[in-house]
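The sequence and the structure are shown first.

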Amino acid sequence: MEIITSILAGVLFATAIYNMLQKQLLRIVIGTALLSHGAHILIFTMGKLKTGQPPILTDGIENYTDPLPQALILTSIVISFGVTSLLLVLAYRSTQENGTDNMEELRGNENE
């Protein structure tokens with residue numbers, strides 16, 4: 001199972017880098033969101049996908065799951081949601097002010 005999730009994280013990273021190298025602002029924002037999702041899956045995979053009981057101490061249970069990767073992923077999801085919403089607002093405002101979402105035109109390089 002770890003191999004499948006590692007491949008999925010790699011595909012998400014590759015798709016994110018491809019989108020981040022595009023000229024449109026919306027694709028760049030989507031690329032950053034995909035990059036954060038790839039990081040979430042990578043952290044989840046590094047924490048080892050094992051099954052067990054919830055990490056609540058009770059008698060008779062010997063196999064517990066590790067709550068640290070889940071806590072890290074939850075924190076990372078909240079942070080990436082904030083960053084993505086900020087980037088969406090900045091991209092929307094930039095498109096409204098400049099009339100374009102093309103990065104080459106925003107830089108002033110109109111020659112293609």
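## Helix packing

In this predicted model, α2 and α3 are roughly antiparallel to each other. The angle between helix α2 (residues 25–46) and helix α3 (residues 67–98) is about 175°, and angles over 145 degrees count as roughly antiparallel, which means that the pair falls in that class. The axes of α2 and α3 are 10 Å apart.

On the α2 side, the contact is made by L25, L26, V29, T32, A33, S36, H40, I43 and F44. Their partners in α3 are P69, L72, I73, S76, I77, S80, T84, L87, L88, A91, S94 and T95. By residue class, the contact of α2 with α3 holds 13 nonpolar and eight polar residues, and no charged ones.

## Overall fold and dimensions

The protein has four helices and zero strands, in the order α-α-α-α from the N terminus. Its radius of gyration is 19 Å, whereas the globule rule gives 13 Å for 112 residues, so the protein is more spread out than a compact globule. Along the principal axes, the C-alpha atoms fill a box of roughly 70 × 25 × 10 Å.

## Annotated transmembrane regions

An unreviewed UniProt entry carries the annotation "transmembrane region" for residues 6–21, 28–47 and 67–92. In the model, residues 6–21 are 94% helix and 0% strand, and the end C-alpha atoms of this span lie 23 Å apart. Residues 28–47 are 95% helix and 0% strand, with 29 Å between their end C-alpha atoms.

## Confidence

The mean pLDDT of the protein is 88, and 96% of its residues reach 70 or more. Confidence is highest in helix α1 (residues 2–20), at a mean of 94, and lowest in helix α4 (residues 103–107), at 84. Where pLDDT is low, predicted coordinates should not be read in detail.

Technical notes: Residues are numbered from 1 along each chain as its sequence is written. This is a predicted model: local features need pLDDT of at least 70, side-chain atom pairs count only at pLDDT 80 or more; totals for chains, interfaces and linings use all residues. Side-chain values use heavy atoms; hydrogens and water are left out. UniProt positions are given in the numbering used here, feature names are shortened, and annotations may be inferred rather than shown by experiment. Helices (H or I, at least four residues) and strands (E, at least two) are DSSP runs, numbered from the N terminus. pLDDT is the predictor's confidence in each residue, from 0 to 100. Axes are lines fitted to C-alpha atoms, for helices over the stretch in contact, and angles run from 0 to 180 degrees between N-to-C directions. Angles under 35 degrees count as roughly parallel, over 145 as roughly antiparallel, 65 to 115 as roughly perpendicular and the rest as oblique. Contact means heavy atoms within 4.5 Å. Ala, Val, Leu, Ile, Met, Phe, Trp, Tyr, Cys and Pro count as nonpolar, Asp, Glu, Lys and Arg as charged, and the others, Gly among them, as polar. The radius of gyration is taken over C-alpha atoms; the globule rule is 2.2 Å times the number of residues to the power 0.38.
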